[in-house]
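Hi there,

Here is the structure I promised to pass on. My notes on what turned up in it follow below.

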Amino acid sequence: MNKKSLHKDTLVIHEGYDDNLHHGSLTVPLYQTSTYSFENAVQGERRFSGEEAGNIYSRLGNPTVRVLEERMAALENGAGALAFGSGMAAVSSILVHLTKAGDHILCSRGIYGCTFGLLGLMKEKYAITHNLISMTTEEEIEKAVKPETVCIYVETPINPTMELVDLEAVVKVAKKHGLKVVVDNTFTSPYLQNPIDIGADFVLHSATKYINGHGDVIAGLLIGKDAEEIQTLRMTVQKDYGAIMSPFDAWLLIRGLKTLPVRMEKHTANAEKLLAFLKSQKLVEDIYYPFDNGNPQFEIAKRQMKAGGGLISFTIKGGKESAQLFMDKLELIKIAVSLGDAETLIQHPSTMTHSGVPKQEREQMGITDSLLRLSVGLEYADDLVADLQLAFAAVGQHSSTHA
Ligand SMILES: *Cc1c(COP(=O)(O)O)cnc(C)c1O
């Protein structure tokens, strides 16, 4: 059988693992070990010199973690992958790898709150500067490139405004100027979007979210299109900064990842039902979802994404007070940050995930006090609609009695 032609639905279950090499164990064994014994002293010498492949110490590689890395590389159509202890460890490692003091990073207008914090730290400590721009046209991106720019770092869809970055335009400008492109692909998962296919050099995930999908692990993954560069990263930044993933977390992620395709289908189907419901609500002002006829970026969405995914943001009439009352009136839907879990979650970005971003910058990113972000879970859609309906009714009643 031609293993090269296997579909992603098959790869999430089989890639990178041969049960014949593991006593026939159907599932990937958990190698909960810190180190590995050598058969003799010369073997130890050869492993350290790189003449012989094999395990040395779990900060440099672990068989359970390796299965996850190979599986993710295949799912993102990359040549290699590295697993990290958190999504932020993947973000910081790739940025440390690509930059030196005095360099410049060009970023999408909205980025994850802690990535924003990291960029501030890099500026303060190493004079590595950055710009946040909307990245809607090639001209706009090109104009922002400086002589000291070394990479373009983007999220798409952008958290939490669901604005899209045109990846084709980004790649075109990057190629022209010899810049590396890094895409935080957390919001779509490899099932809905594969930036390496469009020309990105690196893709990263907070595996805490859709990759795991069960809300019980913090983890990160970085995939690269160049196997040698990933190996260099493994033996430099990852080895020496040490932000590795534990074997147990890798084992949980391997288990979660098997259902990624079925989960993403259901997240999307549920999101589409909630989208239709939200559109019918008088208290809802604007709705942000990539696959929506009303979205001016729908064409970009269709070009680079397979479906809309499970995240919907919307603004509610009445500002912060309404937003907080609405969240408090929900019963099934949990008030929590994070996303991509089986449970539907709601959060208020301006006071939660993006509260650390200065107000002016936050509003430039489109994050107002009226904005709410829903991570649509895997429950029965009508039960979610009923929960939302009661909360809207409570907010409606409150605003009419206080008008
Ligand atoms: C959660 C998240 C991160 C950070 O990941 P952690 O696993 O929490 O460290 C980075 N980017 C995006 C888009 C995220 O949602």
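Let me start with histidine 205, which touches Met72, Glu76, Gly87, Asn185, Thr186, Ser189, Pro190, Ile211, Ala219, Gly220, Leu221 and Ile223, leaving out residues up to four places away in sequence; contact here means heavy atoms within 4.5 Å. Histidine 205 sits in strand β6 (residues 202–206). Helices (H or I, at least four residues) and strands (E, at least two) are DSSP runs, numbered from the N terminus. With a relative accessible area of 1%, histidine 205 is buried; buried means under 20% relative accessible area, exposed over 50%, and partly exposed in between (1.4 Å probe, protein chains only). A polar atom of the histidine 205 side chain lies 3.4 Å from the backbone oxygen of asparagine 185. That is a polar contact, meaning a pair of N or O atoms within 3.5 Å; within protein, one must be able to donate a hydrogen and the other to accept it, and residues adjacent in sequence count only if both atoms are side-chain atoms.

Before going further, a word on where the values come from. This is a predicted model, in which local features need pLDDT of at least 70 and side-chain atom pairs count only at pLDDT 80 or more, while totals for chains, interfaces and linings use all residues. Residues are numbered from 1 along each chain as its sequence is written, and side-chain values use heavy atoms, with hydrogens and water left out.

Now the ligand. It is surrounded by 14 residues, and the closest are Met88, Asp184, Ser206, Thr208 and Lys209; a residue counts as near if one of its heavy atoms lies within 4 Å of the molecule. Ligand oxygen atoms lie 2.8 Å from a side-chain N or O atom of serine 206, 2.7 Å from one of threonine 208 and 2.8 Å from one of lysine 209. The protein covers 93% of the 380 Å² of accessible area that the ligand has on its own (Shrake-Rupley method, 1.4 Å probe; for residues, only the protein chains shown count as cover).

Histidine 348 lies in the loop between β11 (345–347) and α15 (359–364), and at 0% relative accessibility it counts as buried. Its side chain makes a polar contact of 2.7 Å with that of threonine 351. Beyond four places in sequence, histidine 348 is in contact with residues including Lys320, Asp369 and Leu372. Lysine 320 is 28 residues away along the chain, with 8.8 Å between the two C-alpha atoms.

Which backbone angles deserve a look? Most residues other than glycine have a negative phi, and most peptide bonds are trans. The bond from threonine 156 to proline 157 is cis, with omega near -5°, and the bond from asparagine 159 to proline 160 is cis as well, with omega near 0°. Serine 189, in helix α8 (residues 189–192), has a positive phi of about 70° and is buried at 0% relative accessibility. Asparagine 77 has a positive phi near 55° and is partly exposed, with a relative accessible area of 35%.

Helix α7 (residues 167–177) has Leu167, Ala169, Val170, Val171, Val173 and Ala174 as its buried residues. Aspartate 166 caps the N-terminal end of α7, with a side-chain oxygen 3.1 Å from the backbone nitrogen of glutamate 168.

Best wishes
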